[in-house]
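Me: Please take a close look at one part of this model and describe how the pieces there sit against each other. Keep it plain, with the cut-offs stated.

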Amino acid sequence: MKIGIISCGKSNVSSVANALSHVGLYPVRLSKPEEACDLLIMPGVGSFDSGIHHLKLSGFYQYIVEHINTGKPFIGICLGMQILFNTSEEGTECGLSVLSGHLEKLSSETKKNSRVQPNIGYNLVNFSDNQDGNLIGEELNGFYYFLH
């Protein structure tokens, strides 16, 4: 399986690559959209408009859409997930529109009065229900820190 991690200056690619390497997977870091991958990962940090701008400049904007349209898996982390939507309250750029919706910031009031909360802290992860069995095994069960 060929795994590509998009590296266009708006993310911590090394953290994702190190995590994959730790479980025996060795991704390719993509600085331009030249290689076809079985799985594409887009980590991201920053604002919606800035992320979209970098994707357009680097050529990844259309590359990601084409990858997803072929039915291949895509993992978006943080900003990498946000760019899949139509628009964001953070700016005026159009997202990839793979997922329909408009992103809005969670206000302090929304956070207090909602059952939807950011997931911050340690949580138990149990991989025993993994049906594929080829990527992650039960030996990795344990507590992991989440910030999303």
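Reply: In this predicted model, the axes of helix 2 (residues 48-58) and helix 3 (residues 60-69) approach to within 5 Å and cross at roughly 90 degrees (axes are fitted to C-alpha atoms, over the stretch in contact for helices, with angles from 0 to 180 degrees between N-to-C directions; helices are DSSP runs of H or I with at least four residues, strands of E with at least two, numbered from the N terminus). Helix 2 contributes Ile 52, Leu 55, Lys 56 and Ser 58 to the contact, and helix 3 contributes Phe 60, Tyr 61 and Ile 64 (contact is heavy atoms within 4.5 Å). Residues are numbered from 1 along each chain, and local features need pLDDT of at least 70, side-chain atom pairs 80 or more, while totals for chains, interfaces and linings use all residues. Side-chain values use heavy atoms, without hydrogens and water.

Four strands make up an open sheet, ordered 2-1-3-4, with parallel pairing (a pair needs at least two DSSP bridges). Strand 2 (28-30) and strand 4 are the edges; each has a single partner strand, so one side of each lacks a neighbour in the sheet. From one strand to the next, the twist averages 25 degrees. Helix 1 (residues 13-22) packs on this sheet and touches strand 1, strand 2, strand 3 and strand 4. The direction of helix 1 makes about 160 degrees with that of strand 1.

Strand 3 (residues 39-44) has six of its six residues buried, so the rest of the structure largely encloses it (buried is under 20% relative accessible area, exposed over 50%, partly exposed in between, with a 1.4 Å probe and protein chains only). On one side of strand 3 lie Leu 39, Ile 41 and Pro 43, and on the other Leu 40, Met 42 and Gly 44; both faces are covered.

Strand 3 runs parallel to strand 1 (residues 3-6), joined by three bridges, and Leu 39 has Ile 3 opposite. With strand 4 (residues 74-78), strand 3 pairs over five bridges, again in the parallel sense. There, Ile 41 faces Ile 75, and Met 42 faces Gly 76.

Phe 48, together with His 102 and Leu 103, is touched by Ser 88, leaving aside residues up to four places away in sequence. Ser 88 belongs to strand 5 (residues 87-88) and is buried, at 5% relative accessible area. The Ser 88 side chain also reaches the backbone nitrogen of Glu 90, at 3.0 Å.

Notes
Polar contact = N/O pair within 3.5 Å; in protein donor to acceptor, adjacent residues only side chain to side chain.
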